[in-house]
Structures are given as structure tokens and as C-alpha cells.
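Reader: I would like to see how the labels used for a structure follow from their definitions. Please show me the structure, and then I will ask.

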Amino acid sequence: MRTIDWVDGAVEIIDQTALPEHTRVLRLSTVDELVDAIRRLAVRGAPALGVAGALGVALAARQYPDQARLAAAVEAVRTARPTAVNLARGANRAAARLARGRDAVLAEALRVRDEEIARSAAQARLGADLVTELCGPAPRLLTHCNTGALAAVVGGTALSVVAELHRRGALRGVVASETRPLLQGARLTAWELRQLGVPFQLAVDSAGPFLMARGEVDAVILGADRICANGDVVNKVGTYAHALGAARAGIPFLVVAPESTVDTATAEGAAVPIEDRGRDEVLHFHGARTAPDGVDAVNPAFDVTPHDLVTAIVTDQRVIRLDKGDALA
Ligand code: MRU
């Protein structure tokens, strides 16, 4: 089923906070419910957030006849999370149709959804070709966070490449890093890789660079929440450490993301707002407090990987070989 969709006048999502224990569908009929689901990461991942932004504006257009309240609702959707450019971009696309009425808004939102569906398959093909070219017929890949269908509508970004390689018989296996603090790797990527039948092992985030140094990983492949004009990649915190590990080990560091994640209006990673999700996610693990009372914590949800650590960016339309001097814009 689709991770996010418009069903009978409301947004339906797979509740990603319930996985892997429960596969539960949440029906979101109001803007407040949708914004709350985005903030709690019940729906998450850059492409899925783009669709959520667009469908959120479609909900707002139905819910608020009053112009001032409508504008406030659109703004709440657009800013529910700050880092993935897809969210504001999806909301802006749908909002640009508001003057033409709610059906026009919904039609544009559904176009955003359908475009993301098409993009996933295109990225899978281009990415799989590149991995085989760079790593040979049976590589072991390391991935971080969750970039599968759960992060998109179907398919995904980096994980769609993994799935395509597996289908082609051109993959030895995957190391998935668990992705503290919210465990998108352990909970979601492991769940998806199992469904795909891909051989994989889970590792703590900090093991990545050492596994690369020991020759157990042939390339890193992951997604992005925003790709800046200079090629800097903003993605789930921990990405930068994997990029440093890959550079030191001399293996490719590959980023797979749709064109809807490429933000050439932002010059470099330092200009991107990085969401800080507060101390509680760090101070607790699976509901239990892990640090002594009174301890403070810092919790950037994303980090910036400088462009010179990126071998290539694969979108649905092109392969940008940053290592060979290709430019994004
Ligand atoms: O905080 P999240 O789970 O929304 O972060 C998601 C990521 O960082 C993904 O790697 C990114 O969105 C690429 S997904 C296809």
C-alpha cells in the first residue's frame, strides 16, 4: 500500500511511529491532525513530506472558507518541520492553486504525489546502474536512516536502488545503521529490507566508519532532505560521519534523491535550518530514561555533508558526479 494518499476526502498515512510492531493506518481529516503527524514523524522522509505538504494544503482548502484562517493553516503545514525542502515546496505548489478553488488545489496535490511515484522508479534504475559501474557485480552497501517506500509514497530513494540491485541479482547485502535517536534504520529500514528479501545486518551508527575501514562495505548509499546549489547534502544526523568514513576508506559515497529535494536557491549547507528535536529523544531509549536526572542534551536531527565528500548525486533525471567536477546548477 501507499505510505501516504488521499482517500475519500482525507489524508491516510501508514503510522510510522507504530512500526515495526503494528501496521496501522491513520486517517487525518484536519490540518491540525496532519501537522501533528508530521511533527511526531508518523509521516516522514523528504519525498513523503512533500506529498504531505501538498495534501495538507488540500485539506486546508476544504476546512477553512475564511481567508485569514486558511492562510494560517497553509503556513502551519509549510513550516511543520524546517529541514526537508520538499515539505514547503509541496505546500507551495498546492497553495499556488488556491485562487482557482479547492478542486484545483487537490488536483495539484495529487500531481505532486504522482510525480514522486514516478521519480522513485527512475532513481532506482539510474542508481543501480551507477552502483554496478562503481562497485562491480556484488557489492555490500551501507545505508543510513530510512529511504524506502515509507519515506516516499512507494519505492523510495536509496532503498529503491538497493531493491533494484537485489532484483537484478547484483547485490551481496546491506548494512543498515540503526539511526539514533528515533531508530528509523532499526525500526523502518529493517522492516522494509525484510519485506524485500534483501540480506542485511543492522549496526549501531558509530560502527559505520570502522566497518568501512575494515573493508566490509563497498559503498555508502543514502538519501537527502535537501541538496544545496554547491552540492552540500543535508540528511539525517550521522550521515556526515559515514561520509568521513567513506572518504578515509576510499569508497564511493552516493546520495539518491528526487529533483524535488534539490534546492538550488540555497547556496550551501550552512544556510539550511537544522531541526533540533529537543533533549528528551536523546535522554530516553524506548521509553526508559538512560541518563541521570538533570543531564541536558543536544539533538540536531540532521547534519550537513560537505560536497567534497560526495562522490555522486543520483536524481530521477541525472547522475551528478561531484567527484568529476559536475555541477548541480
Ligand atoms: O527525520 P526523518 O526521519 O524525516 O529524516 C529522514 C531522512 O533523513 C531521510 O534520509 C531523507 O528524508 C531521505 S528519504 C528518502
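**Labels and their cut-offs**

Author: Strand β15 (residues 312–314) runs antiparallel to β16, and 2 bridges join them. This is a predicted model, in which local features need pLDDT of at least 70, side-chain atom pairs count only at pLDDT 80 or more, and totals for chains, interfaces and linings use all residues. Residues are numbered from 1 along each chain as its sequence is written, and side-chain values use heavy atoms, with hydrogens and water left out.

Reader: Why is α2 called roughly parallel to α4?

Author: The axes of α2 (residues 46–63) and α4 (residues 85–95) cross at roughly 30° and come within 7 Å. Axes are lines fitted to C-alpha atoms, for helices over the stretch in contact, and angles run from 0 to 180 degrees between N-to-C directions. Angles under 35 degrees count as roughly parallel, over 145 as roughly antiparallel, 65 to 115 as roughly perpendicular and the rest as oblique. The angle of roughly 30° therefore makes α2 roughly parallel to α4.

Reader: How do the residues of the contact of α2 with α4 divide?

Author: They divide into 9 nonpolar, 4 polar and no charged. Ala, Val, Leu, Ile, Met, Phe, Trp, Tyr, Cys and Pro count as nonpolar, Asp, Glu, Lys and Arg as charged, and the others, Gly among them, as polar. Among the residues that meet are Gly 50 and Gly 53 in α2, and Asn 86 and Gly 90 in α4.

Reader: How do you know whether Ala 124 is buried or exposed?

Author: Buried means under 20% relative accessible area, exposed over 50%, and partly exposed in between (1.4 Å probe, protein chains only). Ala 124 has 4% relative accessibility, so this residue counts as buried. Ala 124 is in helix α5 (residues 102–135). Leaving aside neighbours within four places in sequence, Ala 124 is in contact with Ser 160, Val 161 and Glu 164.

Reader: Which label does Thr 264 get?

Author: Thr 264 has 42% relative accessibility and therefore counts as partly exposed. Thr 264 is in the loop between β11 (262–263) and α10 (280–283). Not counting residues up to four places away in sequence, Thr 264 touches Ala 229 and Ala 329.

Reader: Are Leu 183 and His 286 buried or exposed?

Author: Leu 183 has a relative accessible area of 10%, so Leu 183 is buried. His 286 has 67%, so His 286 is exposed. Phi is near 60° in Leu 183 and near 55° in His 286. Leu 183 lies in the loop between β5 and α7, whereas His 286 is found in the loop between β12 (284–285) and β13 (288–289).

Key:
Pairing = 2+ DSSP bridges. Helix = DSSP H or I, 4+ residues; strand = E, 2+ residues; numbered from the N terminus. Contact = heavy atoms within 4.5 Å.
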